[in-house]
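Subject: Structure for your files

Hello,

Here is the structure we talked about. My notes on what was found in it follow below.

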Amino acid sequence: MDPQNNLQASPGIGRPFRINSKAWLKVLGLFWLFLLAGLLGVDVLPKIAVLGPELIVRSLVLGMMMVALSCYASYFWVSKLRGSPQPLHSTHPLLRTEDQKPADWREQRLQQNLEEAQILAKSGSWEFEAKTKEFFWSKNLYRLYGRDPSVRMTGPVYWSHFTEQQKINILLKVDEALGSKGGYSIEHEVRRADGEMRIFTETARTVFDELGKPLRIFGLTQDVTESRRIEEHLRTFQEKIKKIFDNTVDILFLLEVESPNRFRFAEVNPSFLAATGLAKEQVVGKYLDEIIPDESRLMVLAQYAEVLRTLKTVTWEEVSRYPSGEKTGIVRISPILNTRGVCEFIVGNVHDISERKVAERTMNSQREKLVTAAKMSALGEMAAGIAHEINNPLAIIAGYATIIRGHLASGKIETHRLAFEIDKIESTVERIVRIIRGLRLISRNADADPSEQVSLNRVIADTLELCRERFSYHKIQLYSDLDGADEALVFGRAAQLSQVLLNLLSNAFDAVENLDQPWVRIEMMKTREHVQVWVTDCGLGISNDLVEKIALPFFTTKELGRGTGLGLSISTGIIESHGGRLFYDRDSPHTRFIVELPRHFPEVSPHSSPLFQKSAENLMGSF
């Protein structure tokens, strides 16, 4: 009903006012009173008295009938005016004037609010009169069906929105509502006037009279298309998530946070049950500390406390013992926050890396074997030179020992000559010591050695002793400018660094062995932060198509039996583990490999400084 229907325009000034029946009756009563007084004023009544009693009675009866008829006509006229309102000239739906009563204005406003609420709720109300079989729709219900509210809805038009089966279902529901049930609720798909399919829910309630007969049905129709689509999307999404959850190989679990120290299992996937050897009823509903092994309980609870503290994902590696066996996994747990930012759930997954750990151990074992094989191959290639390197010094020692014994036999011992011969023996012994030290350095397994301060000068010198005789025997000049160079310290394992240098020198030897006037040079360059060792040979470099391959395992350009193809690959891994890099110098006119390592600067104690040492010597000398 239009909220303006109770208002009428005044023909005088255009101000709206409320028609009041009681006021009109008062005006009518005053009219008859003034009429009676007028009659008395002109002496009409005394003249009537002479007409006789019978005529007087008839006149009074006739006057009373006229008064009654006038009152009835006035009441009917007022009632008709109230039932046939005229619209306001103003278009404002909530216009209120001084002549309006507050109750009328409130009714108008409530009706307007009801229409606005239906628009917001995407709903419309309707009423069905049981006696007349007529429907009355709200304006917004017309809009829901895509119809014009100014065109009255008819039965055929209404049923055109439904299929025959839907029509039967609706009629059955209406019969139930008119019967003992007194209401119904139904959901159906409706075709709007523009052809669009929408989903409506319809709820109805029946009003009965005192005798239990139905008077009318009130109903509310609501467009729930969007919510149903969202529900369907959510249902489909949940089904997909559940399929992913159930078919993921990784262990997945969901924990409800009951308190900072209490976490209850809400859901686990089949992989969790397979890994733990537990049934679902043994896990879901249980607390975390009831499931995790005793030896890792404190560590695990500390990780969950960290999630609650930071509200961020926490990851760690864990070894656990389950009925199915020992498992090693990467555990990752993440918080799920509610709208207030409080962690209500924790979702976690465990990526089983047990097989990877076994494979890594196998690979490390194979790697150690390959490294050993590479070292033995390098030592094998140098074996003849090492034999000469040791035999020659031994021959020198034996010769000088024979000379000294001859001095003793002749009794003629010249001190200066004896001192010279002894110095030769000592220097030769020192050379043998360096060779043996180099052999021990390169042949031992240093993977388990701790990293320590290493003199790169000494590592280079010891390694060169292993190669010098071999290079000399094949007439390859081996140059080194390390004599007198400042000591360069690095942090690492001396044996591994020596292996890298031996591999580079061995590759250089093979590259220049058959060239005219072959040579190999080893140099050391220092910067503020790094120290570099250059191994350069007289070759003209490596082609670009081979540079990218030379560090690959088992790749070699040597003929069969001359190399394993592991030298550069192993050397690269060793240098990278020391925080450095091994690379080929593309800018050099000759073949050059560079080993770059970070320099090590030990903390200097004031007691080890040269100034302190000099002061100490002066102090000791004064005693």
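**Salt bridges**

Arginine 309 and glutamate 306 are joined by a side-chain salt bridge, with an N to O distance of 2.7 Å. Both residues belong to helix 11 (residues 297-310) and sit three residues apart, about one turn of the helix. Arginine 309 is exposed, at 60% relative accessible area, while glutamate 306 is partly exposed, at 29%. Please keep in mind that this is a predicted model.

The count of salt bridges comes to 20. Another is formed by arginine 229 and glutamate 226, whose closest N and O atoms are 3.7 Å apart. These two are three residues apart in helix 8, so about one helical turn separates them. Arginine 229 has a relative accessible area of 46% and is partly exposed; glutamate 226 is partly exposed too, at 36%. Both residues also belong to a network of salt bridges that links Arg192, Asp194, Glu196, Arg198, Asp223, Glu226 and Arg229.

The salt bridge between arginine 216 and glutamate 129 (3.3 Å, N to O) links distant parts of the chain: arginine 216 is in strand 7 (residues 214-223) and glutamate 129 in strand 3 (residues 123-129), 87 residues apart. Glutamate 129 counts as buried because its relative accessible area is 17%, under the 20% cut-off. Arginine 216, at 25%, is partly exposed.

**Helix 8 surface**

Leu234, Phe237, Ile241 and Ile244 make a nonpolar surface patch of about 380 Å². Leucine 234 lies in helix 8 (residues 225-247) and is partly exposed, with a relative accessible area of 44%.

**Histidine 161**

Histidine 161 is located in the loop between helix 6 (155-159) and helix 7 (164-178). Is this residue buried or exposed? Histidine 161 is buried, with 3% relative accessible area. Leaving aside residues up to four places away in sequence, histidine 161 touches Tyr145, Arg147, Gln166, Val190, Arg191, Arg192 and Ala193.

**Helices 14 and 15**

Helix 14 (residues 456-473) and helix 15 (residues 494-512) have axes that come within 9 Å and cross at roughly 35°. Their crossing is right-handed. On the helix 14 side, the contact is made by Leu456, Val459, Ile460, Thr463, Leu464, Cys467, Arg470 and Phe471. Helix 15 contributes Ala494, Leu497, Ser498, Leu501, Leu502, Leu505, Ser506, Phe509 and Asp510.

Regards

Note on methods:
Residues numbered from 1 in each chain as written. Predicted model: local features only at pLDDT ≥ 70, side-chain atom pairs only at ≥ 80, totals over all residues. Heavy atoms only, no water. Patch = residues over 30% accessible without salt bridge, like charges linked within 9 Å, V, L, I, M, F, W, Y side chains within 5 Å. Areas by Shrake-Rupley, 256 points an atom, 1.4 Å probe, with all protein chains shown as cover. Salt bridge = Lys/Arg side-chain N within 4 Å of Asp/Glu carboxyl O. Helix = DSSP H or I, 4+ residues; strand = E, 2+ residues; numbered from the N terminus. Buried < 20%, exposed > 50% of the residue type's maximum accessible area, 1.4 Å probe, protein only. Axes fitted to C-alpha atoms, helices over the stretch in contact; angles between N-to-C directions. Left-handed = near helix turned anticlockwise from the far one by under 90°. Contact = heavy atoms within 4.5 Å.
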